[in-house]
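Hello,

Here is the structure I said I would pass on. Please open it first, then read the notes below with it on the screen.

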Amino acid sequence: MSVRVGWAIAAVTSVAMAVALGGCKRPPKPEPTPDGAYRAFVKRVHDAREGRALASSVLESFDEATRAQLTAGAKDAATRTSDLMPTDPGYQLLVTLPQAPAPQEVTVISQNEREAVLGVTPGVDGGAPAERVTMVREEEAWRIHLDLSAAAAAAPKPAPAPAPAPTPTPTQPVADAGP
């Protein structure tokens with residue numbers, strides 16, 4: 001084999017390796033702070049809505065318990081709507097989250113090794129009060145924790161459907177409809 005052919009094979013192999021390794025994106029390093037993780041979540045939501053990220057990347061911002069509740073809720077919604085709604089909880093989350101501007105301010109109210117409470121001031125005019133967001137440390141990353149069971153319990157219940165009209169029985173006379 002000539003030096004020229006060997007050199008060409010080495011160059012092609014190097015380019016192929018660079019392309020293969022460049023195409024394999026490593027997951028981003030988790031944010032080291034709870035407020036940084038929340039800001040990263042807001043960016044993921046924006047990127048997913050703009051088509052620059054997958055809806056599943058938004059779901060990764062939540063802790064395991066919240067993801068399980070969101071997944072169960074997505075399956076339930078798909079069942080109730082005769083499978084017209086996709087069962088992907090990330091997609092459903094994007095559809096149901098309000099389109100809000102990025103928060104004005106995210107501050108850590110309290111924090112220990114496993115849990116943090118953030119004060120998130122909405123990015124709207126009018127001086128809206130800060131909302132509290134609970135973050136938990138899971139798998140070396142800060143994730144958002146939502147208690148969806150408490151939210152569902154507090155949500156207004158739909159009015160019960162009216163009872164169907166009684167059907168006539170042989171012992172009950174049928175009203176005459178007229179001539």
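Subject of these notes: strands, helices and loops

Five bridges join β3 to β4, and these two strands run antiparallel. Within this pair, Val136 has Arg143 of β4 as its bridge partner, and Glu138 stands opposite Ala141 in β4. Please keep in mind that this is a predicted model.

The turn between these strands

β3 covers residues 131–138 and β4 covers residues 141–145, with Glu139 in the loop between them. Glu140 is in the loop between β3 and β4 as well. The hairpin has two residues between the strands.

As background, most residues other than glycine have a negative phi.

Glu140 is exposed, with a relative accessible area of 61%. The cut-off used here is over 50% for exposed and under 20% for buried. In β4, four of the five residues are buried, so this strand is largely enclosed by the rest of the structure.

The sheet

The pair β3 and β4 belongs to an open sheet of four strands, in the order β1-β2-β3-β4, with antiparallel pairing. Which strands are at the edges? They are β1 and β4, and each of them pairs on one side only. On average, neighbouring strands of this sheet are turned by 35° against each other, direction ignored. In general, strands of a sheet pair through backbone hydrogen bonds.

At the other end of the order, β1 (residues 105–111) pairs with β2 (residues 115–121) in the antiparallel sense, over six bridges. Gln111 stands opposite Ala116 in β2. A hairpin of three residues joins β1 to β2.

Helices on the sheet

Which strands does α2 lie across? It lies across β1, β2, β3 and β4, and runs at about 140° to β1. α4 packs on the sheet too, where it touches β3 and β4. The direction of α4 makes about 45° with that of β4.

Helix α5 and what covers it

Helix α5 spans residues 89–96, and its buried residues are Pro89, Gly90, Gln92, Leu93 and Leu94. What covers these buried residues? The cover includes α2 (34–49), α3 (55–59) and α4 (64–80).

Two packed helices are described by the angle between their axes and the distance between the axes. For α4 and α5, the axes come within 9 Å and cross at roughly 85°. That angle makes α4 roughly perpendicular to α5. On the α4 side, the contact is made by Leu70, Thr71, Gly73, Ala74, Ala77 and Ala78. On the α5 side, Pro89, Gln92 and Leu93 take part. The residues of this contact divide into six nonpolar, three polar and no charged.

Ala102 is found in the loop between α5 and β1. Leaving aside neighbours within four places in sequence, Ala102 is in contact with Val42 and Gly123.

The chain as a whole

The protein chain has six helices and four strands. From the N terminus on, the elements run α-α-α-α-α-β-β-β-β-α. Of the 179 residues in the protein chain, 23% are buried. The accessible surface comes to about 13,200 Å², and 61% of it belongs to carbon and sulfur atoms.

How many of the contacts join residues that are at least 24 apart in sequence? Among contacts between residues at least 6 apart in sequence, the share is 44%.

Regards

Terms used. Residues are numbered from 1 along each chain as its sequence is written. This is a predicted model: local features need pLDDT of at least 70, side-chain atom pairs count only at pLDDT 80 or more; totals for chains, interfaces and linings use all residues. Side-chain values use heavy atoms; hydrogens and water are left out. Buried means under 20% relative accessible area, exposed over 50%, partly exposed in between (1.4 Å probe, protein chains only). Contact means heavy atoms within 4.5 Å. Axes are lines fitted to C-alpha atoms, for helices over the stretch in contact, and angles run from 0 to 180 degrees between N-to-C directions. Angles under 35 degrees count as roughly parallel, over 145 as roughly antiparallel, 65 to 115 as roughly perpendicular and the rest as oblique. Ala, Val, Leu, Ile, Met, Phe, Trp, Tyr, Cys and Pro count as nonpolar, Asp, Glu, Lys and Arg as charged, and the others, Gly among them, as polar. Two strands pair if DSSP finds at least two bridges between them. Accessible areas come from the Shrake-Rupley method with a 1.4 Å probe; for residues, only the protein chains shown count as cover.
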